[in-house]
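Please read it beside the structure.

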Amino acid sequence: MIAEATISSKGIEPSRVQFLEKAFSEWLGMAGRGSQDASLEDDAEAMLQSLHELIFIDGRSVESVRHALIEANGGMRFIAVSSGKGGVGKTTFAVNLAHAMANLGHRVLLVDADLGLGNVHVFAGVNPTVTLQDFLDSRMPIQQAFTQVSDRLWLLCGGSGVAASANMNARRMNRVLRHLRGLKEMLDFVIIDTGAGLSPQVLGFLVQAQDIVIVTTPNIAAILDAYGLVKTISEQSMNGSVKLLVNQCADGDEAATVGEKIIGCARHFLDTAPELLGHITRDEQIEQSNQNREPFVVRHQVDANTSRMEAIATRLAGRASVASNIFSESVS
């Protein structure tokens, strides 16, 4: 919760603060966790004042303001998590990112798009009774193939070991994406855990995403393959914002070094510059969490890597940019 002393200085009754924090937790959530980032605190206070005016003075409904917030931020957004090579922790990152975003109050669907070899459900600790393949094989609404993890998090699990899933053609892929786009009233974010590499299926999912997160490690082969993925995205003129996540690094300095290698080459040879989103350090607790089929942000809630994941989730959600733009034409 945002510090009561800070809020009371703005003249909002504590009961109203609690109501607004609950109703708009996805936009006030990070500051409400006691963020040390002053700009986030300031953004949250400014947004709280605007929300208070709209709800309690102008008399707008919570749902209408929530709808305007989402529309101002582009509606439901697709985030693709990918990598140039396997074994870099891509799925671990995707699972924990989904949990972190749901914990901030967003309604999140995590799609296991590593077709034919899906294992998101393993790291998420769920045993699905339906999968993406069930949707493809029938005419059921796609949401009936979801596995609910929490009030705000669902999984669309891949068909592990199913050859038909591994060989999904463009027509079937477009069918999946079309049905997902129809769930704007249900979801805020769709996180797609793609396969590794540059297959047509991977690229087909990347081209649909507003944000493309490329996971790499300090390993030289992983760095080269991550650059290769950046290069392919640039050559195919994809519109998604490309971001780098450095996993399994020693510290922030090593992550910055890895990021600069890829970003520097991209600037020089591709005339583009992916953004360094953040990093996750090497930690045996993460591997142990995977073995126990429990996301580390759930198993280790008070932890440096969990805090980093929360910051990454907030940054991807664009809460700060929403704070400066939500009360524009969409709510006027």
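A salt bridge is a side-chain nitrogen of Lys or Arg within 4 Å of a carboxyl oxygen of Asp or Glu. By this rule the count comes to 10 salt bridges. The model is predicted, and local features need pLDDT of at least 70, side-chain atom pairs count only at pLDDT 80 or more, and totals for chains, interfaces and linings use all residues. Residues are numbered from 1 along each chain as its sequence is written, and side-chain values use heavy atoms, with hydrogens and water left out.

**Salt bridges**

- Glu254 and Arg282 meet through their side chains in a salt bridge, at 3.8 Å from N to O. This pair links distant parts of the chain, 28 residues apart: Glu254 is in helix H13 (residues 252–270) and Arg282 is in the loop between S8 and H14. Helices (H or I, at least four residues) and strands (E, at least two) are DSSP runs, numbered from the N terminus.
- Glu254 counts as partly exposed at 27% relative accessibility, and Arg282 is exposed, with a relative accessible area of 52%. Here buried means under 20% relative accessible area, exposed over 50%, and partly exposed in between, with a 1.4 Å probe and protein chains only.
- Asp137 and Arg172 also form a salt bridge, at 3.6 Å from N to O. Asp137 in helix H8 (residues 132–137) and Arg172 in helix H10 (residues 170–181) are 35 residues apart, so the pair links distant parts of the chain.
- Asp137 counts as exposed at 54% relative accessibility, whereas Arg172 is buried at 18%.
- A salt bridge of 3.9 Å, N to O, joins the side chains of Arg267 and Glu260. Glu260 counts as partly exposed, at 44% relative accessibility.

**Largest pocket**

- The largest pocket holds about 400 Å³ of space. On a 1 Å grid over the protein atoms alone, a pocket is an open set of points where a 1.4 Å probe fits, with protein on both sides within 12 Å along at least five of seven lines; lining residues have an atom within 4 Å of a point. Grid points are joined across faces, edges and corners, and a volume is the space filled by probe spheres set on the points.
- Its lining has 26 residues, and Val88, Gly89, Thr92, Asn247 and Gln248 lie nearest the centre.
- At least two lining residues come from each of helix H6 (90–103), strand S7 (241–249), strand S8 (275–281) and helix H14 (284–291).
- The lining divides into 8 nonpolar, 11 polar and 7 charged residues. Ala, Val, Leu, Ile, Met, Phe, Trp, Tyr, Cys and Pro count as nonpolar, Asp, Glu, Lys and Arg as charged, and the others, Gly among them, as polar.

**Surface patch**

- Phe19, Phe56 and Ile57 make up a nonpolar surface patch with about 280 Å² of accessible area together. Such a patch takes residues with over 30% relative accessible area and no salt bridge, nonpolar side chains (Val, Leu, Ile, Met, Phe, Trp, Tyr) being joined within 5 Å. Areas come from the Shrake-Rupley method with a 1.4 Å probe; for residues, only the protein chains shown count as cover.
- Ile57 lies in helix H4 (residues 38–57) and is exposed, with a relative accessible area of 58%.

**Positive phi**

- Most residues other than glycine have a negative phi.
- Ser237 has a positive phi, near 55°. Ser237 lies in the loop between helix H12 (220–235) and S7 and counts as exposed at 54% relative accessibility.
- Asp271 has a positive phi near 55°. Asp271 is in the loop between H13 and S8 and is exposed, with a relative accessible area of 72%.

Conventions. Patch = residues over 30% accessible without salt bridge, like charges linked within 9 Å, V, L, I, M, F, W, Y side chains within 5 Å.
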